[in-house]
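Here is a short tour to read alongside your viewer.

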Amino acid sequence: MNARIFSGILLLILCCGISFSGCFWQSVLPPKLDLNKSECGRCRMSILESRYIAAIDGPILFDDIGCMLFALEDHKESPAHIWVCDYQKNIWLDARTAAYVYAPMLGTPMNSGYVALSDSIAAVNLASYVHGVAYASWDELVLSFRLRTIEFIANRLRVYF
Ligand SMILES: [Zn+2]
């Protein structure tokens with residue numbers, strides 16, 4: 001094989017590698033948010049504030065972390081990527097490594113009371129300021145959400161019986 005053909009093949013392999021890595025990288029990026037056009041993937045309300053939003057695989061956006069958690073309960077398989085917006089820094093975070101705060105006074109769009117932060121220290125500080133509860137992990141958030149949902153349903157049943 002002469003050097004010219006070899007360098008051509010090498011260039012082709014490099015281009016394919018860059019192209020595939022570009023596709024892979026794009027597939028793990030969170031969706032872009034257009035506050036004028038975006039609506040929640042669960043409640044269909046317009047998304048008005050980015051600091052409360054969440055997203056799962058593809059372009060599915062949610063106006064409130066609570067809406068995203070309800071949608072995940074309906075999901076048969078766990079999504080590959082889940083994002084939440086940092087409440088204080090307004091940047092996307094990997095939901096599975098973020099910390100969370102629950103406090104009704106946070107005034108989230110659908111009143112779930114959940115917001116995300118980049119680390120547990122920020123979560124503890126915010127929780128103490130808003131008289132809320134800090135969760136250091138995704139698993140704690142999901143457990144909290146399920147318990148609050150069961151409590152909500154039980155309280156509704158008490159009204160009727
Ligand atoms: Zn919603």
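In which loop is the place of Asn90? Asn90 sits in the loop between strand 3 (82-85) and strand 4 (92-94). Please keep in mind that this is a predicted model.

**The chain as a whole**

- Reading from the N terminus, the elements of the protein chain follow the order α-β-β-α-β-β-β-β-α-β-α.
- The protein chain has 161 residues, of which 29% count as buried.
- Of the contacts in the protein chain between residues at least 6 apart in sequence, 49% join residues at least 24 apart.

- Asn90 is not a glycine, yet its phi is positive, at about 60 degrees.
- Asn90 counts as exposed because it has 11 C-beta neighbours inside 10 Å, and the cut-off for exposed is 12 or fewer.
- Asn111 also has a positive phi of about 60 degrees without being a glycine.
- You will find Asn111 in the loop between strand 5 and strand 6.
- With 11 C-beta neighbours inside 10 Å, Asn111 counts as exposed.

- Three strands make an open sheet with antiparallel pairing, in the order 6-5-7.
- At the edges are strand 6 (114-117) and strand 7 (133-135), each of which pairs on one side only.
- From one strand to the next, the twist averages 25 degrees.
- Strand 5 (residues 99-102) and strand 7 run antiparallel and are joined by three bridges.
- Within this pair, Tyr100 stands opposite Tyr135 in strand 7.
- Helix 3 (residues 120-129) lies across strand 5, strand 6 and strand 7, and it runs at about 10 degrees to strand 5.

- In soluble globular proteins, nonpolar side chains tend to be buried together.
- Setting aside residues up to four places away in sequence, Tyr100 touches Tyr114, Val115, Ala116, Ala123, Tyr135 and Leu141.
- Is Tyr135 buried or exposed? Tyr135 is buried, because 24 other C-beta atoms lie within 10 Å, where 20 or more are needed.
- Beyond its neighbours within four places in sequence, Tyr135 is in contact with Ala99, Tyr100, Ala123, Glu140, Leu141 and Ser144.
- Tyr135 and Ala99 are 36 residues apart along the chain, and their C-alpha atoms are separated by 5.8 Å.

**Helix 2 and helix 4**

- In helix 2 (residues 65-74), the residues Ile65, Gly66, Cys67, Met68 and Leu69 are buried.
- The cover over the buried residues of helix 2 includes strand 1 (54-56), strand 2 (60-62), strand 3, strand 6 and helix 4.
- Helix 4 (residues 138-160) has 23 residues, which should span 33 Å at 1.5 Å a residue; its end C-alpha atoms are 34 Å apart, in agreement with that.
- Why does helix 4 lie largely in the open? Of the 23 residues of helix 4, the number buried is two, so helix 4 lies largely in the open.

Conventions. Residues numbered from 1 in each chain as written. Predicted model: local features only at pLDDT ≥ 70, side-chain atom pairs only at ≥ 80, totals over all residues. Pairing = 2+ DSSP bridges. Helix = DSSP H or I, 4+ residues; strand = E, 2+ residues; numbered from the N terminus. Axes fitted to C-alpha atoms, helices over the stretch in contact; angles between N-to-C directions. Contact = placed C-beta atoms within 7 Å. Expected span 1.5 Å × (residues − 1).
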